[in-house]
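Thanks for coming, everyone. I have one structure to walk through today. Have a look at it first, and then we'll go through it piece by piece.

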Amino acid sequence: MTLYRAIGLMSGTSMDGVDVALLETDSETRLGFGPTGFFPYSEEDRDLLRAALAEATRLSDRAARPGAVGAAERLITERHAQAVESFLRDETLDPASIDIIGFHGQTALHRPQARLTVQIGDAHGLAERLGVDVAYDFRGADVAAGGEGAPLVPVYHRALVAASGIVGPVAVINIGGVANVTFVDGDAEPLAFDTGPGNALIDDLMLARTGQPVDRDGATAAEGHVDDAILRSLTAHPFFQKQPPKSLDRNDFSFHLTDKLSVEDAAATLTAFTAASLALAFSLPPSAPRRAIVCGGGAHNPTLMGELARRLPCPVTTAGAVGWMGDAIEAQAFAFLAARVLRGLPLTFPGTTGVGAPTKGGAIATATRGRRRAVG
């Protein structure tokens, strides 16, 4: 079986920086984990990305790059190029040893009901600069075929659970800016969907009220009390009555229902909201999970983890506790997806995005120098 040496890149809805991971894989069952890295954005970078996301709400053409959106695309491309160059240098890796780079870019707008999803980043420019082929546009084909275009990671979650020898059914929860869950049970097609806000509302609250971009270690929420009336209002949102598959844009929810609360009570209420929205999702899988494994930035928030342990109907643990590289899982996933693009394998499935049939997706920007053949 051919093995591909792939680098995966991820800049998520939390907009904290670029995750990088090296993976050797056959794109199906074999996973060989390499080094990982993280390259943070500056506050000026995040300011531009926030401006681009605000401007992107007016887009109707996924190829358009007006104003701040175009500036942010140039920034995203540059920061990802710098991240890969630093990673290769730090790990003494030859670019010619890499078969493919998986480049998700930055989601600027996600409106699958309008068959519109926009990820910014210049894959062709990245491929030319790095001398490595780049897989990109992982969501477009699924959305064009009527799918939600998200989440994309479930096929990797299934491979990761299998490679770890974990007996299902198991729930893999990713808490970035938006939260999603994958229910894995052996070789069955996974069931997956966005569950609601992850860290985004908490981050937005903290930035607006304190000037800090996150609630570090959930410390602010730990000092507050949950407002149950506001929590009920938040969980009454129509999104939670929808059956999966379903997906979210980062800006589909707002923290402003908590404006009259103290910052501590607001943080506590929004943290409980993330956990409560995940708990609602656990009524949907055909088999009750034996445990939930949490990855992404939310796994580092003890207050959120405590809320999850209290509200979910099964034991809750972190990805790190089962030996996974929790902060790198999404970057590893895009390395895995890039290898699947090379092989022409499906990325999305009816149970993960609601698309009518397994859908291949992705495109490849070809480098004109430094190309390498995968090994058999």
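Let me start with what covers the buried residues of helix H3: the list includes S1, H2, S4, strand S7 (134–136) and strand S13 (363–365). Keep in mind that this is a predicted model.

Which residues of H3 are buried? They are Ala123, Leu126, Ala127 and Leu130. Looking down the axis of H3, you find these buried residues within an arc of 100 degrees, so they line one face of the helix.

Now the two ends. At the start of H3, aspartate 122 brings a side-chain oxygen to within 3.2 Å of the backbone nitrogen of histidine 124. Just after H3 comes glycine 131, with a positive phi of about 75 degrees.

**The cores**

Next, the nonpolar residues. As a reminder, in soluble globular proteins nonpolar side chains tend to be buried together.

The largest nonpolar core here has 40 residues. Ile7, Leu9, Val20, Ile101 and Val134 have the most contacts inside it. Which element gives the largest share? That is H2, with 10 residues.

There is also a second, separate core, of 35 residues. It includes Leu31, Tyr156, Val184 and Phe334.

Take leucine 9 as a close-up. Setting aside neighbours within four places in sequence, its contacts include Val18, Asp19 and Val20. They also include His80, Val84, Ile101 and Leu126. Ala331 and Phe334 are in contact with leucine 9 as well.

**Helix H10**

Now to another helix. H10 covers residues 302–311, and its buried residues are Leu304, Met305, Glu307 and Leu308. Down the axis of H10, the buried residues fall within an arc of 160 degrees, so they line one face of the helix. On the other side of H10, Pro302 and Arg310 are exposed.

What do the buried residues of H10 pack against? Strand S8 (170–175), helix H9 (263–281), strand S11 (291–295) and strand S12 (316–318).

At the start of H10, look at asparagine 301. One of its side-chain oxygens comes to within 3.0 Å of the backbone nitrogen of threonine 303.

**Salt bridges**

On to charges. Side chains of opposite charge can pair when their charged atoms come close. How many salt bridges does the model have? The count comes to 15.

Pair one is arginine 129 with glutamate 85, whose closest N and O atoms are 2.9 Å apart. Arginine 129 sits in helix H3 and glutamate 85 in helix H2, so this pair ties together parts 44 residues apart in sequence. Arginine 129 is partly exposed, at 34% relative accessibility. Glutamate 85 is partly exposed too, at 29%.

Pair two joins arginine 111 and aspartate 249, at 3.9 Å from N to O. Arginine 111 lies in strand S5, and aspartate 249 is in the loop between helix H8 (228–235) and H9, so the bridge ties together parts 138 residues apart in sequence. Arginine 111 is partly exposed, with a relative accessible area of 24%. Aspartate 249 is buried, at 7%.

Aspartate 204 is partly exposed, at 22%.

And the network: salt bridges link Glu43, Arg46, Asp47 and Arg50.

**Cysteines**

Last topic. How many disulfides are there? The count is zero. Cysteine 295 is in no disulfide, and its nearest cysteine sulfur belongs to cysteine 314, 14 Å away. Cysteine 295 is buried, with a relative accessible area of 2%. Cysteine 314 is buried as well, at 9%.

That's the tour. Over to you.

Definitions and conventions: Residues numbered from 1 in each chain as written. Predicted model: local features only at pLDDT ≥ 70, side-chain atom pairs only at ≥ 80, totals over all residues. Heavy atoms only, no water. Core = buried A, V, L, I, M, F, W, Y, C linked by side-chain atoms within 4.5 Å. Buried < 20%, exposed > 50% of the residue type's maximum accessible area, 1.4 Å probe, protein only. Helix = DSSP H or I, 4+ residues; strand = E, 2+ residues; numbered from the N terminus. Contact = heavy atoms within 4.5 Å. Arc of directions from axis to C-beta. Polar contact = N/O pair within 3.5 Å; in protein donor to acceptor, adjacent residues only side chain to side chain. Salt bridge = Lys/Arg side-chain N within 4 Å of Asp/Glu carboxyl O. Disulfide = S-S within 2.5 Å.
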